[in-house]
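Open the model in your viewer and keep the selection panel at hand. The tour goes from one selection to the next.

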Amino acid sequence: MALNEHGTGGANGGAERDPRLERVYREAAHETPPAHLDAAILAAARRAVGQPAGPELHERRGRVLGGRCREGCRHHEDRHEDPDGHRLR
Amino acid sequence: MKGGTAGISTRVSHLPAEWQEAYCQPAMAWNAESSDEELMLHYRDGDAGAFEALYARHKGGLYRYLLRQCRNAAAADELFQDVWMNLIRARAGYTVQARFTTFLYRVAHNRLVDHYRKSKQATVVSLEDEDGEAIADPPDERERPQDETLDAKRQAGRLMELISELPETQREAFLLQQEGGMSVEEIAQATGVSRETAKSRLRYAMSKLRRGMLEWR
């Protein structure tokens, strides 16, 4: 059985329950872990099964590769321009 | 949510027949309706997406349980991370022996006990003290007229105060019920006590909270 955020699964005893108290509690209890913990835990979970550490890594790699690509293009263009900036054939 | 495709191991021969049937399906994909146990088995078999789904389901409840039990955000953060890291490390040996929530909160309970031991914050409450308290049953709140002017936020704030004032073991029983969706039996399993003790803790917790809310009105 899948549980929701407040865990409605399970066969709980009647005498130890109070629907009104529980409703007030559910409306009040909304704290969640900080985002940096989410990221660290999910990255560790992926690493443990040999999967990439996460989108952040892909983005970093993408940025690095993109940067290198731009540098390469600039270098290529420089080689095809004369000192005055005119493009050479 | 997109499902995974990793196969499910058949190491479940110790389980009742209906559980074996559920967990011996070959290479089933998981989805949003998959049980926690199925997700954990998929993660054990290498599907990180199944872990993400499991984490999304339980991160809030587990975090609030730890936060209210240790009453220190920095310590709760540390314990929260430790519990999940323990789960990640233990994944290779995971077999379904109980509901996943019982397993998860058992790990969290043990980690909290270590924390109390180290920080010497533990308040030891004997079972005699808990069970011997004379708590009169409050009148049935449902019979009282609804107080229209009661501010919901103040009401919620008062309940949080009352929860924080509960003895540690009673607070834990209440939180395991509310955040873990656990039955009395599961609370007993997670905290390593008898069913009767768990039931008694939960009953006292509820009684004090009810009485506190009525007195406050």
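How many residues of chain A are in contact with chain B, and how many of chain B with chain A? Select both sides: 37 residues of chain A are in contact with 45 residues of chain B. Contact means that two C-beta atoms, placed from the backbone, lie within 7 Å.

A note before moving on. This is a predicted model: local features need pLDDT of at least 70, side-chain atom pairs count only at pLDDT 80 or more, and totals for chains, interfaces and linings use all residues. Residues are numbered from 1 along each chain as its sequence is written, while chains are lettered from A and ligands numbered from 1 in the order in which they are written.

Stay on the chain A side. Helix 1 (19-28) and helix 2 (35-48) each supply at least two residues to it. Helix 2 of chain A gives the largest share, 8 residues. Helices are DSSP runs of H or I, at least four residues, and strands are runs of E, at least two, numbered from the N terminus.

Of its 89 residues, 12% are buried, that is, with 20 or more other C-beta atoms within 10 Å of their own, C-beta atoms being placed from the backbone.

Next, select L66(B). Setting aside neighbours within four places in sequence, L66(B) is in contact with A76(B), L79(B), F80(B), A108(B) and L112(B).
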